Amino acid sequence: GARVRDGGARAAEAESLLAVAADPRLRCHSSERSAYFDGLGGAPLERKAVLRLAQSRPAAELLLTDATVLLVAGRVPPAVVQAGLEACCTTIAASPFVARRREAFHLASSWVDSMSPSSPRWDSAEAVASLMADLALRRAQLGELWRLRRGDAAGPASAEGLEGQLSGAGIDVSRALAALDELMPRATASGAREADWRVLEAHARAEQAASRRMGGAAAFAAALALGGMAAYASQ
């Protein structure tokens, strides 16, 4: 059957190995054989390649994906998922994914804003609680996408739209759907889909309201700019 592994420990081990690999006094190889024979089975990796590997690893995306899968499948209590994310919180906060999200103003979200270990007010428990609130939405999106991909009737959101939203939130959709196929039975709990629909519909209403507010703010700014130009022209 399916097994749940300690993802936090594996992430910590990966971080430790990458930190060792960054030591310029060491040589890194792509295989144990090459390392054992000190390059006879293959040249050591170039320093730039090692640094590139460390910087491009999708650690946050993998953690977010696996956490969302566990929430959808219901095989692990949410409190356990939250505790696992707290153990990996610094890994997520230091990831290129979070840096990109923070830089992209239009993609800003509360949980990303709270992932600031360098801040004197940093609270990992609070940051992960904010992340779990976002994952509640991703859980509903992924659950609905999984149903649509297996042939269920259309709901309030399209498969393409859900996939785009999940990908933008750092979820590896292909990995997530494959994991759910392994973990989930054909039939889901009664009422689960209706509950997900309520989450999706509430999110759609919130996005529409936010879009209207942004449109109103843009129109107000444009009116101010035009008024300023008219005043300047009349002088």
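Helices (DSSP runs of H or I, at least four residues) and strands (DSSP runs of E, at least two residues) are numbered from the N terminus. Read along the sequence, the chain follows the pattern α-α-α-α-α-α-α-α-α-α-α-α, with 12 helices and zero strands. The structure is a predicted model, in which local features need pLDDT of at least 70 and side-chain atom pairs count only at pLDDT 80 or more, whereas totals for chains, interfaces and linings use all residues. Residues are numbered from 1 along each chain as its sequence is written, and side-chain values use heavy atoms, with hydrogens and water left out.

Accessible areas were computed by the Shrake-Rupley method with a 1.4 Å probe, and for residues only the protein chains shown count as cover. The accessible surface of the chain comes to about 14,400 Å², of which 58% belongs to carbon and sulfur atoms. A residue is termed buried under 20% relative accessible area, exposed over 50%, and partly exposed in between (1.4 Å probe, protein chains only). By this criterion, 30% of the 235 residues of the chain count as buried. A contact is defined by heavy atoms within 4.5 Å. Among contacts between residues at least 6 apart in sequence, 66% join residues at least 24 apart.

Helix 7 (residues 96-103) illustrates how burial is arranged along a helix. Its buried residues are F97, V98 and R101. Viewed down the axis of helix 7, these residues fall within an arc of 95°, so they line one face of the helix; the arc is that of the directions from the helix axis to the C-beta atoms. The cover over the buried residues of helix 7 includes helix 4 (59-73), helix 6 (89-93), helix 8 (110-113) and helix 10 (159-168).

A search of the whole structure finds nine salt bridges, each being a side-chain nitrogen of Lys or Arg within 4 Å of a carboxyl oxygen of Asp or Glu. One of them joins the side chains of R175 and D66 (2.9 Å, N to O). This pair links distant parts of the chain, since R175 lies in helix 11 (residues 173-183) and D66 in helix 4, 109 residues apart. R175 is partly exposed, with a relative accessible area of 38%, and D66 is also partly exposed, at 32%.

Salt bridges also link R139, E144, R147, R193 and D196 in a network. Within it, E144 pairs with R147, the closest N and O atoms being 3.4 Å apart. Because E144 and R147 are three residues apart in helix 9, about one helical turn separates them. E144 has a relative accessible area of 0% and is buried, as is R147 at 5%. R193 counts as buried, at 13% relative accessibility.

Helix 9 (residues 124-149) also contains D134, which is buried with a relative accessible area of 15%. The side chain of D134 makes a polar contact with the side chain of R138 (3.1 Å). A polar contact is a pair of N or O atoms within 3.5 Å; within protein, one must be able to donate a hydrogen and the other to accept it, and residues adjacent in sequence count only if both atoms are side-chain atoms.

A disulfide is a covalent bond between the sulfur atoms of two cysteines. With the cut-off of cysteine sulfur atoms within 2.5 Å, the count comes to zero disulfides. The sulfur of C88 is 8.9 Å from the closest cysteine sulfur, in C89, which is too far for a bond. C88 is buried, with a relative accessible area of 2%, and C89 also counts as buried, at 2%.
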